[in-house]
Amino acid sequence: MTTTDQRPRRTPEQTRERHAQNLGHQVAGGVFNPRQLLTSLPDALRKLNPRHQLRNPVMFVVWVGSLLVTVFAIGEPSVFTISVAVWLWFTVLFANLAEAVAEGRGKAQADSLRRTKKDAMARLTDGRTIPGTELTVGDLVVVEAGEVIPGDGDVVEGIATVDESAITGESAPVIRESGGDRSAVTGGTTVLSDRIVVRITSRPGESFVDRMIALVEGAQRQKTPNEIALTILLSTLTIIFLLAVVALQPFAVYSGGQQSVIVLTALLVCLIPTTIGALLSAIGIAGMDRLVQRNVLATSGKAVEAAGDVDTLLLDKTGTITWGNRRATELIPTGGTDLDRLVDAARLSSLADETPEGRSVVELCATAHGRSPEPSAHERTGEFVPFTAQTRMSGIDLDGRRVRKGAASAFALSEQTRRVVDEISAQGGTPLVVAEDDVVLGVIRLSDVVKPGMRERFAELRAMGIRTVMVTGDNPLTAKAIAAQAGVDDYLAEAKPEDKMALIRREQEGGKLVAMTGDGTNDAPALAQSDVGVAMNTGTSAAKEAGNMVDLDSDPTKLIEIVEIGKQLLITRGALTTFSVANDLAKYFAILPAMFAAIYPQLDRLNIMRLGSPQSAILSAVIFNALIIIALIPLALRGVRYRPASASALLRRNLLIYGLGGIVTPFAGIWLIDLLVRLIPGIG
Amino acid sequence: MSSTVAGLLQVGLLVAALAAAYRPFGDYLARVYTRTTHSRVERVIYRLARVNPDSEQRWGTYALGVLGFSFVGIALLYVLQRVQSVLPFAYDRGNVPPGMAFNTAVSFVTNTNWQSYVPETVMGHTVQLIGLTVQNFVSAAVGMAVAIAVVRGFTRQATDRLGNFWVDLVRGTIRVLLPVAFVFAVVLVALGVAMSFRSGVDVDGQTVAIAPVASQEVIKELGTNGGGVLNANSAHPFENPNGWTNLIEIFLILLIPVSMTRTFGTLVGDRRQGYVLLSVMGALWTAMLAVIWVAEANGLRPLEGKELRFGIPSSALFANATTGTSTGAVNAMHDSFTGLGGGAALLNMLFGEMTPGGVGTGLYSILVMAVIAMFLAGLMVGRTPEYLGKKLGRREVTAAAVSILAMPTVLLLGAGIAAVLPGTQGALNNPGAHGLSEILYAYASASNNNGSAFAGITVTSDWFQASLGVCMALGRFVPIVAVLCLAGALAAQKKVPATAGTLPTTGPLFASLLAGSVVLVAALTFVPALALGPIAEALL
């Protein structure tokens, strides 16, 4: 079982890598361990309580049926009647087990979260010390190195490194400081150095950790809109079958073959959609759990469902579509300079430059032009000239050579160089001019580098019907170039928060669902307005409050995974419903001849499985109906495999697997079970 | 010419005629319900009825209009039958007994036209003309109005208005049913259908009952009503004298239900949406025709009760048309069909009358089924289900579910009780499986507002008159209220634009899904009951 504190510690790089890997393939699921069935048994037994059963109309009918059959079986005990009663109870129990297993996985996580809460004491700025549980909104708390932050809040004074591993599983400490977008701290995390003053922002019992606990435990799990609609459909099917079975008795009496209550109840339980009824809540809980496993917390199941419906994805350019920094991608000599000379000069000018751009120049010289990435002993003797706002250039003085690189405006440019510089700007890049002793040698092209695989990813999204919009503060020219390179459908350039908001509104006016990520306080309104707003855990409390999900890894690309999880959730429900209903065909072929071949011998021709005896046929169908629940628990927890494809392709595939499969499987299953059951004395 | 070739020719002619009428007539219907201007006659009617034709109604008001109009219709028709003896052209036929009058009133107002009476001896011409014929027109217009209101649910956005029931009712009657009925009545009279106010004519020394038939005959088929002016219905030479009238009557039965899919496609702005519904209706209808035809052509049962005037192919064609729509007129006795043939006619009704179904009712019934099918399909592609740009959430699914539940509920409960009532065995002509088929058929016919009789069952006892009356009323009005509620929920939504992630509802995939849903829902619900009736018969 996965628990937060057992989670392997990851560095941010590893995290990023992990998600980069995840980008390529389908949503993976949680691993199901058969031992979980055993450990969840006590919970499953507890759920036999009728009040719990009432929440699930389909299983409540089974529960009542089991009770009824038990009473009749006691009245006329036989191997058959008792077996049917026992297996009907198993059906209810297996359904409980599915739910208990799903909940059990969250419980362990909740327990470890609870440990983080237990004994934090809060030192107020006025000198009093009170338990963390008694803090209210607005309290100012002092936290020093080695202490646990007693509640959620914003840093209002100081700067500190904080260990947030208790919440995020990340061991690398993060910096939290007053002001700006890095001020939010979470209760239960530990200050590693320095001293901060925190203004509490959450009411007691409603902190982030509290919400997380409630979420992973599924304690106040409310049925989502789609789950309610499906429950109504399943109840309708149940009513139809109830009517069909209830009306069957008078028809049977008319035909001269009255049926026992036990047989009729067995038929009813086999026909109503018990498979999906039993697994429905487990599917919902497991869906949330899959998010938690990816370090995403959703405030409601509704948000997860909405994620599956998203039509438009707003993605920040920096950090999501491109690496955070611009990198050198090309060296262009001008004024007849030899390329080798330009490479040497560019490298020299950047050797001592520790900025990401500087390092990327050295890297480019090493990878594309075979130069050494490290300075030689001789080169180390040069004198580094740092960048200043006045000179707008940096470089090195070595052996009397003054090698510089800098902004184009810092140099006197020839006509040709000017053209190169303008062209780079026009294509969305940043030009850096290289000069030696005031003679311009050429230009370095710095450009945003789109992360590998993004283009394919956006193509997949497009196939799924999701439009991607890149949001950036860049000018329209730059934005356009990167948008084309990354393959997004549209872009919003020079975006201010209100532009983002307007875009979301416009999309929603057209009936579309919008998802976005954000971290800053100025993202909060847009996060609140969007249908799926994923706040980064590194972001401000305001952002986290406004969104309906929080990504603990603060990885904006995760939005794509969230969409897939949402879709997977719905697909699993639909697939298992189809499977459940398709199963009924075989059950009719098993049970109807068993019931009525005595009155109309020609009906035995429908017994195409050649089942042993009427009793073994009925019992086999009941046993199959119960066992299929257990067999499908892993699928319910893991979710149906989702691969991005067009809606038609998905439907065709799932109809084939779960519709056709649902028709065929029970024929084989009931036939196999019957081979064993007919051996039982008194039945075969 | 062998009867098979003749039959195929008839089918070919029928399909050609329907195909020719499909576009112009379907589009005409669309215009009828969208025009904003009123004719002079209509304005007079609105003034007399104190209706403001330019105001629109919420779904609840619309539904109240349907219910109120229908219940007043039932009351009037009941009273009319109960005082028949004082009306002109009654020919001493006396007042209709209360049970029968109730059953008949409900039957004609619900567009069922189940007849527990023998018209020649029970109904005078006045009740026929100002009672039954009037209901033949307006009950059909009500069905079309409801269907149009449901279509508006899909076409409109962010509104709580579904149109004006009174306007839709008046337009359907005056602009569609009356003109078509008038033209074809003249044609039928020319082809030999009777139209007389006398009570009987002498034929070879025998007095044969006669009535003003032609005026009712057309609307009987056109409005998918089915109530015969004479007891033998379209098997009677006065109603259906020859092969041409037979074919015209079948054409009239199918004309509106088939054309309304065009109306639907035109109104939602995508004709393919209508074609796909038509393809599902057509495929199931053709399949059932093949079953009945083959079963009858190869049946080994004696010729007792078989229709010999038109032959087996024409009987099969008529039977399939009349049970596939909720008409219920017959040109042969379905009770005399083989187990499989009769079972297929029964199954046509158990589909819920949507292949192609009754006037209006067929369209809204198949749309409800499409909503259910798309709900499941939508889940399977990982999106909140939607159909025609409208999301299918809790309210939509609930309304669709209630609409679908009504028919099996009243059918199974009614038939179940009837099967064990002591008097039932005495009311049946046949024991065993065929007897159960007769019971099932009667309740299927009533609950689906079909009205065709399997015959072979005497339904004049108070229990049958009352229970079948209740089945007809609930089978009609519960779905109507539910689909109007569905339309209200749909109209309130904004349209979701179609994207690459939207499941297309025009191709063969959707058609198979929809056809599969129609068959599956009927099969899962009724197979246990059918096993003891038609299936046991057919497997013999």
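Two salt bridges are counted between chain A and chain B, a salt bridge being a side-chain nitrogen of Lys or Arg within 4 Å of a carboxyl oxygen of Asp or Glu. One salt bridge joins the side chains of R383(B) and D311(A), with an N to O distance of 3.4 Å. Both residues belong to a salt-bridge network that links D309(A), D311(A), R383(B), E386(B) and K391(B). The model is predicted, so that local features need pLDDT of at least 70 and side-chain atom pairs count only at pLDDT 80 or more, while totals for chains, interfaces and linings use all residues. Residues are numbered from 1 along each chain as its sequence is written, chains are lettered from A in the order in which they are written, and side-chain values use heavy atoms, with hydrogens and water left out.

The contact (heavy atoms within 4.5 Å) takes 59 residues from chain A and 62 residues from chain B. About 5,000 Å² is buried between the two chains, with carbon and sulfur atoms giving 74%; buried area is the accessible area (1.4 Å probe) that two parts lose on being put together, summed over both. Of the area that chain A buries against chain B, F251(A), Y254(A) and L651(A) supply 16%, more than any other three residues.

In the record, an unreviewed UniProt entry, D316(A) is listed as "active site"; such annotations may be inferred rather than shown by experiment. D316(A) lies in strand β11 (residues 312–316) of chain A, strands being DSSP runs of E of at least two residues and helices runs of H or I of at least four, numbered from the N terminus. The relative accessibility of D316(A) is 24%, and the residue therefore counts as partly exposed (buried means under 20% relative accessible area, exposed over 50%, partly exposed in between; 1.4 Å probe, protein chains only). Leaving aside residues up to four places away in sequence, D316(A) touches I321(A), V471(A), K500(A) and T517(A).

Over all chains, the salt bridges come to 47. R347(A) pairs with E379(A), the closest N and O atoms being 3.0 Å apart. This pair links distant parts of the chain, 32 residues apart, with R347(A) in helix α13 and E379(A) in the loop between α14 and β13. R347(A) is buried at 7% relative accessibility, and E379(A) is buried at 16%. In chain B, E239(B) forms a salt bridge with K220(B), with closest N and O atoms 2.6 Å apart. Both E239(B) and K220(B) are buried.
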